[in-house]
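Hello,

Here is the structure I promised to pass on to you. Have a look at it first, and my notes follow below.

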Amino acid sequence: MAAASYTVSSVGFTPQPAPANFLAHCDDCIAYSTPIGFDFTYFGNTYNKVHVGANGFAAFDSIPAEGLGGCCEGGVIPSPVSPLDPDNAPYNNLISVFWTDQNSAARNADIRYETQGVAPNRKFVVQWNSVPEYFNG
């Protein structure tokens, strides 16, 4: 049996620039109605704003400010209707990056966002920078 052979080569990589806009420096908060900068279709619905949670999620439907609001960990998707907001199942239309109890109020932590690029090739970027888990410092 012949030995396998392969070729190693470099692939060009250029990191994306860091987003310029800062969201609130807080714990368990949500930056409601953050502008995306273009129309975005997600599961058949079109949005131009997103609710960015300090605990690592971006939601397109409304999220109640009380109760589960922005805290603290992931749940079952699809979720049942919330008793705090019976007309809305809050976690059924989101992108979960971490969705755990993060401490974005920690020193040197920040959450940034920005629309980058030129139409029709734009992208909406959110970064959670140096944001530790709440109980792990």
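**What I found**

The side chain of Gln102 comes within 3.3 Å of the backbone oxygen of Val131, a polar contact (a pair of N or O atoms within 3.5 Å; within protein, one must be able to donate a hydrogen and the other to accept it, and residues adjacent in sequence count only if both atoms are side-chain atoms). Before going on, please note that this is a predicted model, in which local features need pLDDT of at least 70 and side-chain atom pairs count only at pLDDT 80 or more, while totals for chains, interfaces and linings use all residues. Residues are numbered from 1 along each chain as its sequence is written, and side-chain values use heavy atoms, with hydrogens and water left out.

Gln102 sits in the loop between strand E5 (94–96) and strand E6 (110–116); strands (E, at least two residues) are DSSP runs, numbered from the N terminus. With a relative accessible area of 4%, Gln102 is buried (buried means under 20% relative accessible area, exposed over 50%, partly exposed in between, with a 1.4 Å probe and protein chains only). Leaving aside residues up to four places away in sequence, Gln102 touches Asp27, Asp28, Ala54, Asn55, Val131, Pro132, Glu133 and Tyr134, where contact means heavy atoms within 4.5 Å.

Now to the aromatic rings. Searching the whole structure gives seven aromatic pairs (rings of Phe, Tyr and Trp, the last by its six-membered ring, with centres within 6.5 Å; planes under 30 degrees apart count as stacked, over 60 as edge-to-face and the rest as tilted). One of them is stacked: the ring centres of Phe40 and Phe60 are 5.6 Å apart, with the planes at 25 degrees. This pair links distant parts of the chain, 20 residues apart, with Phe40 in strand E2 (residues 30–42) and Phe60 in the loop between strand E4 (57–59) and E5. Phe40 is partly exposed at 28% relative accessibility, whereas Phe60 is buried at 8%. Tyr113 and Phe124 form a tilted pair, with ring centres 6.1 Å apart and planes at 45 degrees. Because Tyr113 lies in strand E6 and Phe124 in strand E7 (residues 123–129), the pair ties together parts that are eleven residues apart in sequence. Ring pairs also join Phe40, Tyr42, Phe43, Tyr47 and Phe60 into a cluster.

Finally, the charged side chains. Arg112 and Asp110 meet in a salt bridge at 3.2 Å, N to O (a side-chain nitrogen of Lys or Arg within 4 Å of a carboxyl oxygen of Asp or Glu). Asp110 is buried, at 15% relative accessible area.

Best wishes

Note on methods
Helix = DSSP H or I, 4+ residues; strand = E, 2+ residues; numbered from the N terminus.
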